[in-house]
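This report sets out selected local features of one protein model.

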Amino acid sequence: MRIVQAQYVDQHLRFHYSLQVIPKQKYVLVKIDTQYPYGEKQDEFKKLAENSASSKELLVAEVGISDYGEKENSELGMKYKVEKDEYPAYLLFTNGDLENPVRYTGEIKQDAIQQWLKNRNVWVGMLGCLEEFDSLAAEFRGTNAQEERHKIMEKVKAMVQEVPESDQKLAEQYHKIMSKVVVQGDSFVHSEITRIGKLLGESKMSSVKKMEFQKRQNILSSFQKPIVAKEDL
């Protein structure tokens, strides 16, 4: 198993070691793949691993399974019912539970996997998102009481002045989104994410403008209620 947090570390570790590492972490995302993966899906994984450096609670790891010789790490594939034609498979382990990981079933794209993690309250650090403000966004979406929401907004407004200048525009986005939700309702978040998604998919905009929209969409996703349904292995 390769542990890939803070930087991409090419460290080959066997299956039994993963059983020691997982119980020590709050969240562990394990990618099960061939022994020597390459290509677009591996590039997406490397980008995800780099972004995981900003998370204090998430460890990202990679297990390569060999189908010849000693068949290294094959026990992992058998234990979690991952077939070779399903590689790469992503499993999220929570609070050291080795028996009930949640399996990712979406598109193998860095941003899609990050959003999936975010929906499960795993903070990874999506482009444009600020951890302290994401936490307040979670508080905001968790209450329908207008008085509580206004208190959170006041807190956000005060915090905007304390962040580094380079992050102020991002921090201000959180307050602006909260203001819109208070006026237009929670449906604003979904409709705005959909609108920006269409713009990103259809418009021939500059890379700078595209990045601005992507950051806003990522911040908006912090206001979405997390998905609590559990996928089957």
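## Packing of helix 2 and helix 4

Helix 2 (residues 40-51) and helix 4 (residues 110-118) have axes that come within 8 Å and cross at roughly 45 degrees. Axes here are lines fitted to C-alpha atoms, for helices over the stretch in contact, with angles from 0 to 180 degrees between N-to-C directions. The two helices are therefore oblique to each other; angles under 35 degrees count as roughly parallel, over 145 as roughly antiparallel, 65 to 115 as roughly perpendicular and the rest as oblique. The crossing of helix 2 and helix 4 is right-handed, meaning that the near helix is turned clockwise from the far one by less than a right angle. Helix 2 contributes Glu44, Lys47, Leu48 and Asn51 to the contact, and helix 4 contributes Gln110, Ile113 and Gln114; contact means heavy atoms within 4.5 Å.

## Basis of the values

The model is predicted, so local features need pLDDT of at least 70 and side-chain atom pairs count only at pLDDT 80 or more, whereas totals for chains, interfaces and linings use all residues. Residues are numbered from 1 along each chain as its sequence is written, and side-chain values use heavy atoms, with hydrogens and water left out. Helices (H or I, at least four residues) and strands (E, at least two) are DSSP runs, numbered from the N terminus.

## The two sides of helix 8

Helix 8 spans residues 187-202, and its 16 residues reach 23 Å from first to last C-alpha, close to the 22 Å expected at 1.5 Å a residue. Its buried residues (under 20% relative accessible area, 1.4 Å probe, protein chains only) are Phe188, Val189, Glu192, Ile193, Ile196 and Leu200. They lie on the same side of helix 8 because they cover an arc of only 125 degrees around the axis, taken from the directions from the helix axis to the C-beta atoms.

Among the elements covering these buried residues are helix 7 (168-184) and helix 9 (207-221). On the face turned away from the buried side, helix 8 carries the exposed residues Ser187, His190, Lys198, Gly201 and Glu202; exposed means over 50% relative accessible area.

## Backbone features in the loops

The loop between helix 3 (74-79) and strand 4 (89-94) contains Pro88, which is joined to Tyr87 by a cis peptide bond with omega of about -10 degrees. Lys81 lies in the loop between helix 3 and strand 4 and has a positive phi of about 55 degrees although it is not a glycine. Lys81 is exposed, at 60% relative accessible area.

Asn95, in the loop between strand 4 and strand 5 (102-104), is not a glycine but has a positive phi of about 50 degrees. With a relative accessible area of 57%, Asn95 is exposed.

Terms used: Expected span 1.5 Å × (residues − 1).
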